[in-house]
Each structure stands twice: as structure tokens, then as C-alpha cells.
Amino acid sequence: RPCVEMPSHVTARRLAPAVVILAATLPYLPTLNDYFIQDDFGVVGLLASKSASYFPRWFVVPWMENIWEYTPDELRPFVALTYQVAAQWNPGSPVPQHLVNIALHAGNALLVLGIATRVAGLSPASAVVAAVAFAVLPMQTESVAWVTGRVDSMPAFFYLAAFLLYCRWRLEQRGALYVLSLAACFTALFSKQ
């Protein structure tokens, strides 16, 4: 068989997500074995103790109880759900919680890549630079390294997704993209008010 060579722009488009994922995950892999710190203990302990049927209540009552001597007026049902789900593997282990945070950070970087290419119209190389810069230079490393930092990474993920989906809807006029954009925005709003 003759060897068919792929055009360089196709190779770059396929390689770009891998580069971005590596840039987003490699710096944070050492945090997998980090134990719970600061608020992590109270948040994970409280949410791991709740049954799955508790989820709908978090849309109308604060997600935290009196673990800090007061109850913050915060509705974050989707974030609470991620702590519950990750705790199913082992509530005493921070590893599943850290994996969720790293995955969200990588997802955010991939969304930046998508926005840079599809919305801003950057070349694949420029889009990768933008996404890698986002991945390795976060505003706060705590958003990824601390288990409770998820309250920043998760709404960012859904806001970025809502924006990208909305822009794609404007370009492609496919109704499903608009509905997905609304769903992502709703999830972002109930991840951090």
C-alpha cells in the first residue's frame, strides 16, 4: 500500500488537543496524592454524608451547613453533586476529588482552544499557544490544586462551554446548540452564584 501523508493542518488540528491536555494536567499530577487541606475536610465530609436524593434541595437551600460556625448563603447544587459522586470511590481519599479538579482544568483549557479557533478564528498554532497559556498560568493555582477550588473551575467550565456553544449556534444556526448553551449557562449559574 502506498503511504498517504496527512496534510500538516490536519495533523496540527489532531495534535492540538493532546498538547493542551498535557499542559493542563502534567503540572497538577503531583497534587493527586496531596491530602485534604483547609476547607476540604469539612466540605467533602459534609457532602459525602448526604444521600443522592438530597440533590434537589440544594437548588433552594444553601449547600453548606454550619461547618464554619455560620451558613453561607450559597446555592451550588452541581458542585455539591460532584463532591458526592467523587466520594463514592472513597470519601476519605482525596485522589478522586483531585482527578475531578484536574479534568475540569483540562476541559477549561480545551474550551479556550475551541473558542480561540472557532470564535476568534486563530490559526491552530496561535490557538494552542492561547490554550496552553491558560493551562499553565491560571489566575489561582488553588482552583485546581485544592479540592474546594472546584467552586471556581467548575463554573468557569460551564460558562466557557455556554459561550462556545452560543457562538457556534450563531454561526451554524442549529437549534440543539442553543439549547445546550442554555443548559451550560444554567449549570454555571448553579455552580457559583
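**A guided tour of the predicted model**

In this predicted model, residues 24 or more positions apart supply 66% of the contacts in the protein that have a separation of 6 or more.

Begin with the whole chain in a cartoon view. The protein contains 8 helices and 0 strands, and its elements, read from the N terminus on, follow the order α-α-α-α-α-α-α-α. Orient the view along the principal axes: the C-alpha trace spans about 65 × 40 × 35 Å.

Next, display the surface. The protein exposes about 10700 Å², and carbon and sulfur atoms supply 66% of that area. Of the 193 residues, 41% count as buried.

Now select helix α3, which covers residues 77-87. Within this helix, pick Q84. Is Q84 buried or exposed? Q84 is buried, because its relative accessible area is 6%, and the cut-off for a buried residue is under 20%.

Keep Q84 selected and show its surroundings. Which residues does Q84 touch, leaving aside those up to four places away in sequence? The contacts are L47, K50, S51, A52 and W58.

Definitions and conventions: Residues are numbered from 1 along each chain as its sequence is written. This is a predicted model: local features need pLDDT of at least 70, side-chain atom pairs count only at pLDDT 80 or more; totals for chains, interfaces and linings use all residues. Side-chain values use heavy atoms; hydrogens and water are left out. Helices (H or I, at least four residues) and strands (E, at least two) are DSSP runs, numbered from the N terminus. Buried means under 20% relative accessible area, exposed over 50%, partly exposed in between (1.4 Å probe, protein chains only). Contact means heavy atoms within 4.5 Å. Accessible areas come from the Shrake-Rupley method with a 1.4 Å probe; for residues, only the protein chains shown count as cover.
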